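Here is a short report for a reader meeting this structure for the first time. Please look at the sequence and the model before reading on.

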Amino acid sequence: MDQNNTHHQPELRVYLRVWVWLFVLSVFSYLVDVSGLEGLPKWGLITLFMLLKAGLIVAFFMHMAWERLSIIYTILLPPAALLFLAALMALEANYTLSSRLSLFIN
């Protein structure tokens, strides 16, 4: 192997493990869907499994687990900032709605 080549290619069994984990997480997501849970617990668990699957896909199939930290920050920080700002907007919208509804109740 060339000493100057620093690209790290994982073994095939790592990919097979990731595929198995993706399958297991998909089964859990399906079981939550048919379990009869309703509301926030159901959608919270489905979202958790979705985010775990997305993390596995990004880490292994987009090779982010082997990239430099600067590239990882470039890819992951903007969506994280957008999610943070969306959460702030949702909190403000909830506050505005509750203050408007309290005017109609009183």
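The report covers a helix, its aromatic pairs, its salt bridges and a surface patch.

This is a predicted model, in which local features need pLDDT of at least 70, side-chain atom pairs count only at pLDDT 80 or more, and totals for chains, interfaces and linings use all residues. Residues are numbered from 1 along each chain as its sequence is written, and side-chain values use heavy atoms, with hydrogens and water left out.

**Helix H1**

Helix H1 covers residues 12-34. Helices are DSSP runs of H or I with at least four residues, numbered from the N terminus. H1 has 23 residues. From its first C-alpha to its last it reaches 33 Å, close to the 33 Å expected at 1.5 Å a residue. The expected span is 1.5 Å times one less than the number of residues.

Tyr15, Val18, Leu22, Leu25, Ser29 and Val32 are buried in H1. Buried means under 20% relative accessible area, exposed means over 50%, and partly exposed lies in between (1.4 Å probe, protein chains only). The buried residues of H1 pack against helix H2, residues 40-61. Contact here means heavy atoms within 4.5 Å. An α-helix has 3.6 residues a turn, so residues three or four places apart point the same way.

Ser26 also sits in H1. Ser26 counts as partly exposed because its relative accessible area is 31%. Ser26 and Met50 are 24 residues apart in sequence, and their C-alpha atoms are 8.2 Å apart in space. Just after H1, Gly36 takes a positive phi of about 100°.

**Aromatic pairs**

The whole structure holds 3 aromatic pairs. Rings of Phe, Tyr and Trp (its six-membered ring) pair if their centres lie within 6.5 Å; planes under 30 degrees apart are stacked, over 60 edge-to-face, and the rest tilted. Trp19 and Phe61 form a tilted pair, 5.3 Å centre to centre with 55° between the planes. This pair links distant parts of the chain: Trp19 in H1 and Phe61 in H2 are 42 residues apart. Trp19 is exposed, because its relative accessible area is 53%. Phe61, at 30%, is partly exposed.

Phe28 and Phe49 form another pair, with ring centres 5.8 Å apart and planes at 35°, so this pair is tilted too. Phe28 in H1 and Phe49 in H2 are 21 residues apart. Phe28 is partly exposed at 40% relative accessibility, whereas Phe49 is buried at 12%. Tyr15, Trp19 and Phe61 form one aromatic cluster.

**Salt bridges**

Side chains of opposite charge can pair when their charged atoms come close. A salt bridge is a side-chain nitrogen of Lys or Arg within 4 Å of a carboxyl oxygen of Asp or Glu. The count comes to 2 salt bridges.

| Salt bridge | Closest N and O atoms |
|---|---|
| Arg13 and Glu11 | 2.7 Å apart |
| Lys42 and Asp33 | 3.2 Å apart |

Arg13 is partly exposed at 48% relative accessibility, and Glu11 is partly exposed at 46%. Lys42 is buried at 10%, whereas Asp33 is partly exposed at 39%.

**A nonpolar patch**

Which residues make the nonpolar surface patch? Phe23, Val27, Phe28, Tyr30, Leu31 and Val34 do, over about 610 Å². Patches are made of residues with over 30% relative accessible area and no salt bridge; like charges are joined within 9 Å, and nonpolar side chains (Val, Leu, Ile, Met, Phe, Trp, Tyr) within 5 Å. Accessible areas come from the Shrake-Rupley method with a 1.4 Å probe; for residues, only the protein chains shown count as cover.

Note on methods: Helices (H or I, at least four residues) and strands (E, at least two) are DSSP runs, numbered from the N terminus.
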